[in-house]
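I'll jot things down as I go.

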Amino acid sequence: MNNVSHIPSYLSAEHLGPWETYLVQIDRVEPHLSAELRPLAPLLTRPKRALIVDVPIRLDNGEIAHFEGYRVQHNLSRGPGKGGIRYHPDVTLAEVMALSAWMTVKNAVVNVPFGGAKGGVRVDPKLLSMPELERLTRRYTSEINILIGQDKDIPAPDINTNEQVMAWIMDTFSMNEGKTSMGVVTGKPISLGGSLGRKDATGRGVFVSTVEAARRLGMQIEGAKVAIQGFGNVGEASARLFANAGAKVVALQDSSGAIANPAGLDVRAVKAFRHQHDTLIGAPGAETIDAGHFWRCDADILVAAAMENQITASNAGSIKARILTEGANGPTTPEADLILQENGVTVIPDVLANAGGVTVSYFEWVQDISAFFWTEEEINARLDRIMREAFAAVWDAAQAKGVVMRTAAFVLGCERVLMAHKLRGLYP
């Protein structure tokens, strides 16, 4: 089956973006599925439900502005939808579809009882005041209200959204329900039912999965050279945890530029500088480098924690790292995947590496429903155990089948989803 030819009428075949990447991944995985489940593979190439909404808000100057919003539920066979909401001027339906599909696979890989969903609004939040951002969030929530709920679809933070945005979503949904519904979103403030450990969870999962890979490859984390693209929530937490373990963070890159220090950057000093000046350029103890040099830098471990389609055929061959850990969703194109494989780079795929966030989101959801909260030590211990078990399952499957880790992770996740389909049957 050539999934790329199965394009829904509401998408343009010339502008599929990340959705095409996902379809190629499914194409590569399908031959490795069990004979029993392979005929069901087309179910993975179509989202269950996609909602496009107009989000009108009154700006501070009295004018009315319109923004385009999305919520896509890719698959709900294993439980309610789960996936973040991003605010970005380049968000598209095709992108949100791909992100929802990767959430389906990711949730299955770590075996949490969720399906895949994702949302987004085409907006540059930096151009909005805080009151405008609140009005945007509340109106968007009202528009997708028909889809979300603690037993239907549970949003979370993503690019340019945070715990304050989640608080507004929870409050708006609760007002419409006539009761406080803490479980409708995760990634909330602690005082509103958020979970301890949630903020660092994705970065912690990146760190734990990289440590597991390094151990199997005979690498020491202490003294290892690490380069990280992205210095937001995921990248910063990853950098801090690697530095705490004795690794040297030798390069960082984000939307403001790239910096390096072969002797190791002071992660905490860089974070403080970035917070104060809104840029990495000029951080203490750092040399400014260009984007091309970042990919060529001398590093043992590369963490891609920015956005999708960052590692392409044009820069994959420059990567010297032995391990590439995908902290972002879809940062590596299919063409780049083949180059990295030929060069012997071990890629820890996004559906495994960055699953720490959704795992602790699951913990938050459970705590909200039960109204019983755990300590941060309990949460971190449970997260570490789930990440190690999931990594071991994917690594062992890759070794047994003679495939790369991405293929093994997709086989594991997709078979769990398709088995749920098979057992549930087709209604009516």
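Predicted model: local features only at pLDDT ≥ 70, side-chain atom pairs only at ≥ 80, totals over all residues.

**Notebook: aromatic rings**

I started with W365, and at 13% relative accessibility W365 counts as buried, because the cut-off for buried is under 20%.

Next I looked up a partner for W365. I found Y362, and the two rings form a tilted pair, 6.3 Å centre to centre with 35° between the planes.

Then I counted the pairs, and the structure holds nine aromatic pairs. Another of them joins F114 to W365, and I noted it as edge-to-face, with 5.0 Å between the centres and 65° between the planes. Where in the chain do F114 and W365 sit? I placed F114 in the loop between α2 (93-109) and β4 (115-121), and W365 in helix α11 (residues 356-370). They are 251 residues apart, so I wrote down that this pair links distant parts of the chain. F114 has 1% relative accessibility, so I filed F114 as buried.

Now the wider group. I see that F114, Y362, F363, W365 and W374 form one aromatic cluster.

Last entry: I looked at what lies over the face of W374. I found R382 there, at 4.0 Å from the ring centre.

How values were computed. Residues numbered from 1 in each chain as written. Heavy atoms only, no water. Phe/Tyr/Trp six-rings, centres within 6.5 Å; stacked < 30°, edge-to-face > 60°. Helix = DSSP H or I, 4+ residues; strand = E, 2+ residues; numbered from the N terminus. Buried < 20%, exposed > 50% of the residue type's maximum accessible area, 1.4 Å probe, protein only. Lys NZ or Arg CZ within 6 Å of the ring centre and 35° of its normal.
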